[in-house]
Amino acid sequence: MTAQQIIIVVSFCGGIIGGMGMGGGTLLIPLLTLAAGLDQHLAQSVNLIAFIPMSVVALCIHKKNGYVMFGKSVHIVLLAALGAVGGSFLARYSGGYVLRACYGAFLIALGIFQTVKAVKTALNNSNKKQNAARGLPTSARR
């Protein structure tokens, strides 16, 4: 498979994941750097450009389904925009190795966070099932 075909397949998969709100960049950036051999700066810029149409489509669908509250989102959008500007300046002046290391650390931290969250959810669901089997209300705790 050529590098261009890999980029097309990876971009499509990243778009699907990004449209579901899971962060397509967590798949897109590593695959563009590892499988397609792109420089870290270029892979991150491709991800940012790809994020624009993904977010517009996802926003329209989520708005249609009633999941978006613009009034409560303003402060988040403003802080995210400030963070994006700051991060862009930091990325511009750091080397590819620094970006790879920071992104790798971010993915490791995200993986740990998601694992802990999944374990807590599984334990809570297990406790609710045990309480339901005993005839206790779901708010009862051991």
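Helices here (H or I, at least four residues) are DSSP runs, numbered from the N terminus. Axes are lines fitted to C-alpha atoms, for helices over the stretch in contact, and angles run from 0 to 180 degrees between N-to-C directions.

Now, the ground rules. This is a predicted model, so local features need pLDDT of at least 70, side-chain atom pairs count only at pLDDT 80 or more, and totals for chains, interfaces and linings use all residues. Residues are numbered from 1 along each chain as its sequence is written, and side-chain values use heavy atoms, with hydrogens and water left out.

Let me start with helix packing. Two packed helices are described by the angle between their axes and the distance between the axes.

Take helix 2, residues 25-34, and helix 5, residues 96-134. Their axes come within 12 Å and cross at roughly 140°. Helix 2 and helix 5 are therefore oblique to each other. The cut-offs: angles under 35 degrees count as roughly parallel, over 145 as roughly antiparallel, 65 to 115 as roughly perpendicular, and the rest as oblique. The crossing of helix 2 over helix 5 is left-handed. That term means the near helix is turned anticlockwise from the far one by less than a right angle; clockwise gives right-handed.

Which residues in helix 2 and helix 5 meet? On helix 2, Gly-25, Thr-26, Ile-29 and Pro-30; on helix 5, Tyr-103, Leu-107 and Leu-110. Contact means heavy atoms within 4.5 Å. By class, that contact has five nonpolar, two polar and no charged residues. Ala, Val, Leu, Ile, Met, Phe, Trp, Tyr, Cys and Pro count as nonpolar, Asp, Glu, Lys and Arg as charged, and the others, Gly among them, as polar.

Next pair: helix 2 with helix 3, residues 40-64. Here the axes come within 9 Å and cross at roughly 145°. The crossing is right-handed. Helix 2 brings Gly-25, Leu-28, Ile-29, Leu-32 and Thr-33. Helix 3 answers with Gln-40, Ala-43, Gln-44, Val-46, Asn-47 and Ala-50. The contact of helix 2 with helix 3 splits into six nonpolar, five polar and no charged residues.

Gln-40, His-41 and Gln-44 in helix 3 meet Gly-96, Leu-99, Arg-100 and Tyr-103 in helix 5. The classes are two nonpolar, four polar and one charged.

Now some single residues. Gln-44 sits in helix 3. Its side chain makes a polar contact of 3.0 Å with the side chain of Gln-40. A polar contact is a pair of N or O atoms within 3.5 Å; within protein, one must be able to donate a hydrogen and the other to accept it, and residues adjacent in sequence count only if both atoms are side-chain atoms. Not counting residues up to four places away in sequence, Gln-44 touches Ile-29 and Leu-99.

Ser-94 lies in the loop between helix 4 (70-93) and helix 5. Is Ser-94 buried or exposed? At 17% relative accessibility, Ser-94 counts as buried. Buried means under 20% relative accessible area, exposed over 50%, partly exposed in between (1.4 Å probe, protein chains only). The Ser-94 side chain reaches the backbone oxygen of Leu-90 at 2.4 Å. Leaving aside neighbours within four places in sequence, Ser-94 contacts His-41 and Leu-99.

Back to helix 2 for Leu-27. Leu-27 is partly exposed, at 26% relative accessibility.

Last one: Lys-63, in helix 3. Its relative accessible area is 41%, so Lys-63 is partly exposed. Beyond neighbours within four places in sequence, Lys-63 contacts Val-68 and Phe-70.

Conventions:
Helices (H or I, at least four residues) and strands (E, at least two) are DSSP runs, numbered from the N terminus.
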